[in-house]
Amino acid sequence: VRSKMINSLLCIGLDPHTDQLIENSAQGALRFCKKLVDATVEMALAYKPNAAFFEAFGPEGISVLKELIQYIPAEIPVILDGKRGDIGTTAKAYADAAFKAIGADSVTVNSYMGTDTILPFTNEPGLGVFVLCKTSNPSSSEIQELVIQSSGRTIFEEIAILAEKWNEKNKNVGLVVGATDPASLKRVRMLAPNLWILSPGIGAQGGNLEDACKAGLSSNGSGMIFPISRAISSSIDPSSAAKKFRDDINRAREEITMCKDKKEIVLQSYQINFIEFSMRRSVLKFGNFTLKSGRKSPYFFNAGLFGSGEALAKLGFYYAKAIVEAGNKLRFDAIFGPAYKGIPLGAVVAQTMYTKYGKDVSYSYNRKEKKDHGEGGLLVGDDLYGKNVLIVDDVITAGTAIREAIDILKGVGAIPSGVVIALDRQEKGKGSELSAVQEVEKEYEIPVVSVIGLNHI
């Protein structure tokens, strides 16, 4: 409500660092924060006092923290940055301290001990938590990016999924995800589309505002809260600094919303399931990777890890579903799986098209070396002469393998009519500003369909 009323996603951090105080005392901290509240009240979606700076002053510090929260206008939410984390009666005591004794509206919580840590803070619908998920500190990856073998997801991704469940009852759970890591922020937004994200890192920590907004804003251009502390409090004119941050955030929101209005990306349920499936199999990983080309990438996709009967069966379904969804765009009488990864892919897709959709088509694949004995030749499987052939492969990187496949098909009198792949990397081709996929489409005048594209992940 507050966000819509004042058109702001700016949260003012109230962190009374001792080097900013005229008087190094609890009262000095209170005067510093009150002055900051007075200067920024028109722009503040919320205020976020950091409990540690007040607790450092002892009992008087706790007292002035409560006084500060009472000083903030009642219509402005207060997020107590305490990063609490315990279970049972201790967690309840922390919740009572934050909500009843001090008067905050929400509190940051560490979920390391699981659901037992969160529930005591979420019993009251009007009060809630922001759960640490993917934090902005450099060493966060040491734990938060570890991959869980059973699911193929990172720890922070599992927390995002759990948070969606914790939010179901009272709609009072959000996440803390640093604005300094847009790739992780994007993953969290996909896994937790309904949650508010508290996103520190803009300002002193150097996070890129536009990148963070692109990654984390919800479909309506909201759903994020940007806490900014020192960049405002240390300014000669905090009021002007806050206005500039608010306006910069809104400008980024407007630009992104306009782009989304022009081209809304909608994931079908089978595409979401394919992404989750790929992550569970560790086929799709997120992090910092150096590819064979030397290029840095925030993700890695290795279809060779679909290495079981179950995995191939599911993979066949996802490919077949993408083919069916393409409708009349793909017209074919046969499927061709280029060696090597395309061989099992083509076979399982041909089988699934028959068992699931009743479409029986020819299937063939190539050898890497032409055979001069037995049945001889380069191709194995049905005769493709004169048939419209759909090429099935895992990805298109530079397009070299697909071009080789097309040459093979033309060499036996077949008609290449389309390509289907698992992931469109959307990487630029070698000869133009077009992507490698677009170059293939333009050069051969055939459609290329993918189960998912880079823009989906």
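In this predicted model, helix α9 passes helix α10 in a right-handed crossing, where right-handed denotes that the near helix is turned clockwise from the far one by less than a right angle, and left-handed that it is turned anticlockwise. The axes of α9 (residues 182-191) and α10 (residues 209-216) come within 7 Å and cross at roughly 20 degrees, which makes α9 roughly parallel to α10 (angles under 35 degrees count as roughly parallel). Axes here are lines fitted to C-alpha atoms, for helices over the stretch in contact, with angles from 0 to 180 degrees between N-to-C directions; helices are DSSP runs of H or I of at least four residues, and strands runs of E of at least two, numbered from the N terminus.

Pro 182, Leu 185, Lys 186 and Arg 189 of α9 make the contact with Asp 211, Ala 212, Ala 215 and Gly 216 of α10 (contact means heavy atoms within 4.5 Å). These residues divide into four nonpolar, one polar and three charged, with Ala, Val, Leu, Ile, Met, Phe, Trp, Tyr, Cys and Pro counted as nonpolar, Asp, Glu, Lys and Arg as charged, and the others, Gly among them, as polar.

Turning to the strands, eight of them form an open sheet in the order β2-β1-β8-β7-β6-β5-β4-β3, with parallel pairing (two strands pair if DSSP finds at least two bridges between them). The edge strands, each pairing on one side only, are β2 (46-49) and β3 (79-84). Three bridges join β3 to the parallel strand β4 (residues 106-109), and Leu 80 has Val 107 of β4 as its bridge partner. Helix α5 (residues 88-101) lies across β3, β4 and β5 (128-134), running at about 145 degrees to β4.

Residues are numbered from 1 along each chain as its sequence is written, and side-chain values use heavy atoms, leaving out hydrogens and water. Because the model is predicted, local features need pLDDT of at least 70 and side-chain atom pairs count only at pLDDT 80 or more, whereas totals for chains, interfaces and linings use all residues.

Conventions:
Parallel < 35°, antiparallel > 145°, perpendicular 65-115°, else oblique.
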